[in-house]
Amino acid sequence: MRAIQVSELGGPEVLRLVETEVPRPGPGEVAVDVAYAGVNFAEVKARSEGYRVASLPFVPGLEVSGRVRELGAGVEGLAVGQEVAALAEGGGYADVAVVSAAAVFPVPDGVGLRTAATLPTVLPTAHALVHEVGRLQPGESVLVQGAAGGVGTAVGRLARLAGAGAVYGVVSSEAKRAYARKHGYDDAFLAGSFAQDVRRATGGRGVDLVLDPVGGETLRQGLDALALFGRLVSYGNAGGEAPWQVGQPELYPGGRSVGGFSILGLASAAPDALRELAGRAFAFAVDGRVELPVTAEFPLEDAAAAHRLMEGRTSTGKLLLRVTG
């Protein structure tokens, strides 16, 4: 079978198409004939920095859609040939991916495999940020880093549906600012001085909830943008800075709080909770309340081009690799 393999860390050019043996599922696992694979920034970091990579070589890919090829021992509730979406620990950039059965979700009726590939990481993450972890209440305001990306696009819509009083984003260009406004944001501010922009937009009050996948100095600016009793949720360290630390001086005076979320961490620690979260999140896609636009699609062999686009910070919405779809 075909797979995109990384034998050494580096730029997009290290993503090489190879022929390899078809993997077989072990107990509690499912082999999936991949139709589409989602492209995520975590995979860029894996390729360039070894993020969550146990050893070389490896095949990237955290989310796929396709059809069940083979069931491992002990797997129930799924059938060979069934259309599914799945969250993977890796291996999604391939004709066949083996994933834990706990992270395999039947594709809802009315959802095609192309759309299904956008669901496993993005929509549950966005739902958790707005609801389970962020606990956004009607009338509250929210500020979202990376508002024009996949998660940011879904968060903007979910926050609106949750009754947010104002939804603000942070983006890296005027084009992304226009995109964010089109997808539910009241306004979007350019990275750099967004804390001051938020204060101006809110009459000095700040926002109730900040969602941050960047970390480092950006996270600290996010804390400065919080209103009294505001909440910040960290869900990544895309900026690559040293792990952030926050303590009494930043939190106590304004009664602020900080939380965190990782869908891969949840999948590992509490797979049943992940399934419940995914069910709640996917319902928004089934009935059309949330639609995640696919803004670029590449054949499997052009995975490097997809990574270049994502690293260039010009992409919006969701990027996909077309495998056999």
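**Labels against their cut-offs**

Visitor: Why is R135 called exposed?

Guide: R135 has a relative accessibility of 56%. Exposed means over 50% relative accessible area, buried means under 20%, and partly exposed is in between (1.4 Å probe, protein chains only). The 56% of R135 is over 50%, so R135 counts as exposed.

Visitor: What kind of model is this, and what do the values use?

Guide: This is a predicted model, in which local features need pLDDT of at least 70 and side-chain atom pairs count only at pLDDT 80 or more, while totals for chains, interfaces and linings use all residues. Residues are numbered from 1 along each chain as its sequence is written, and side-chain values use heavy atoms, with hydrogens and water left out.

Visitor: Where is R135, and what is its phi?

Guide: R135 sits in the loop between α3 (122-132) and β8. These names come from DSSP runs, numbered from the N terminus: helices are H or I with at least four residues, strands are E with at least two. Phi of R135 is near 50°, a positive value in a residue other than glycine. Most residues other than glycine have a negative phi, and most peptide bonds are trans.

Visitor: What makes β9 and β10 a pair?

Guide: Two strands pair if DSSP finds at least two bridges between them. Strand β9 (residues 166-171) and strand β10 (residues 187-190) have four bridges, in the parallel sense, and the definition asks for at least two, so they count as a pair. Y168 stands opposite D187 in β10.

Visitor: What hand does the β-α-β unit of β9, α5 and β10 have?

Guide: β9, helix α5 (residues 174-182) and β10 form a right-handed unit. The term applies if, with the strands pointing away from the viewer, the path from the first strand over the helix to the second runs clockwise.

Visitor: How many aromatic pairs are there?

Guide: Rings of Phe, Tyr and Trp (its six-membered ring) pair if their centres lie within 6.5 Å; planes under 30 degrees apart count as stacked, over 60 as edge-to-face and the rest as tilted. The count by this rule is two. In one of them, F105 and F282 have ring centres 5.5 Å apart, within 6.5 Å, and planes at 90°, over 60, so the pair is edge-to-face. F105 in strand β7 (residues 104-106) and F282 in helix α10 (residues 271-286) are 177 residues apart, and the pair links distant parts of the chain. F105 and F282 are both buried.

Visitor: What makes a nonpolar core, and which residues touch the most other members of the largest one?

Guide: A nonpolar core is a set of buried Ala, Val, Leu, Ile, Met, Phe, Trp, Tyr and Cys residues joined through side-chain atoms within 4.5 Å. The largest has 55 residues, and L123, L129, L136, V142, V155 and L211 touch the most other members. α10 gives the most to this core, with seven residues. A further core of 34 residues lies apart from it, with L15, V32, A88 and L300 among its members.

Visitor: Why does Q145 count as buried?

Guide: Q145 has 5% relative accessibility, under 20%, so Q145 counts as buried. Q145 is in strand β8. Beyond residues up to four places away in sequence, its contacts are V170, F194, L211, D212, P213, V214, T218 and Y235.

Visitor: What puts G150 in the buried class?

Guide: Its relative accessibility of 13% is under 20%, so G150 counts as buried. G150 is found in helix α4 (residues 150-161). With neighbours within four places in sequence left aside, G150 is in contact with V122, L292 and G317.

Conventions
Contact = heavy atoms within 4.5 Å.
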